[in-house]
Amino acid sequence: MPALPELHTLLTGLAFGESPRWHDSRLWFSDMGAGEVVAADLDGNRDVIAHVPAMPMGTGWLPDGRMLIVSSRDGLLLRREPDGSLVTHADLSGLASYPWGDMVVDGRGNAYIGNIGFDFPGGAPAPGILALVTPGGTARQVANGLQFPNGIAITPDNRTLIVAESYASRLTAYDIAADGSLSGRRVWAELDNAAPDGICLDAEGAIWYADVPNRHCVRVREGGEVLATVALDRGCFACMLGGADGRTLFIVAAEFAGPASFAPGAPRTGQVVTVPAPAAGAGWP
């Protein structure tokens, strides 16, 4: 397995970064511990784009350029208007009462959002679901029985969705119908003793997944063959390919010690680190 170049630290002082996205020549991500959505350039300059007190998670963009943000604890999908204001794009609370997590918005403007199915980190694990929100804001459940659905990615042709099941150590795939429905559930990759969190696709059809307890990001082929591993000194929550040529892997990472890590006044150990990657990003996010 070829060694990857040395990591570069882009940002420090974050609480818990999540859901990084490369958009308009900047890295966008949710700092869920600070209740902020942040955009940063490659020099490390950052702007707070939105304040989301109920914990921001997944982000994405509609075809018309408006941003969508998951407000995790109150079950709302927010839409950022051109003037910077936040409005409700969809109310997800009728589909599940537990916290909502990562999201991917595909090329048609359909948003797929995971609900973990229990009160993390203190509750007893239970199966979660995936919801679909159309560009017009209509929400419905499209998958269930997932063991902590986490990162989600969609192939460039809008035909396949892959979701990380953190508590099942696997990546699971679905076929996407023209109306956004999911079918044909199958295992995309079994991952040995892994806890896949955020994921992203590359142009060679491989997936990078972040892993908090194992403190690394791993690149795998369909079927599970490991192609590369990037080790860190703290938990990896999510990753994204971007940069000028799409071949920079951005990793959001932080030290994680269970519920105490979310307590008020807990140390801000969150970082964004980068490393060159062997293939550019593809598909969504």
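Two strands pair if DSSP finds at least two bridges between them. With that in hand, here are some close-ups of this predicted model.

**View 1. Strands β20 and β21 form a hairpin.** Strand β20 (residues 216-220) and strand β21 (residues 226-231) run antiparallel and are joined by five bridges. Five residues lie between the two strands, and among the turn residues G223 has a positive phi of about 105°.

**View 2. The cysteines C236 and C239 are shown with their nearest cysteine sulfurs.** Searching the whole structure turns up zero disulfides. C236 is in none, and its nearest cysteine sulfur, in C217, is 4.1 Å away. C236 counts as buried because its relative accessibility is 0%. For C239, the closest cysteine sulfur belongs to C200 and is 4.1 Å away, which is too far for a bond. C239 is also buried, at 1% relative accessibility.

**View 3. A cis peptide bond links W284 to P285.** Its omega is near 15°. P285 lies in the segment that follows β25 (281-282). For context, most peptide bonds are trans.

**View 4. S25 and N193 have positive phi values without being glycines.** Most residues other than glycine have a negative phi. Phi of S25 is near 65°, and this serine is placed in the loop between β2 (17-23) and β3 (26-31). S25 counts as exposed because its relative accessibility is 56%. N193 has a phi of about 55° and belongs to the loop between β17 (182-190) and β18 (196-202). N193 is exposed too, with a relative accessible area of 64%.

How values were computed
Residues numbered from 1 in each chain as written. Predicted model: local features only at pLDDT ≥ 70, side-chain atom pairs only at ≥ 80, totals over all residues. Heavy atoms only, no water. Disulfide = S-S within 2.5 Å. Buried < 20%, exposed > 50% of the residue type's maximum accessible area, 1.4 Å probe, protein only. Helix = DSSP H or I, 4+ residues; strand = E, 2+ residues; numbered from the N terminus.
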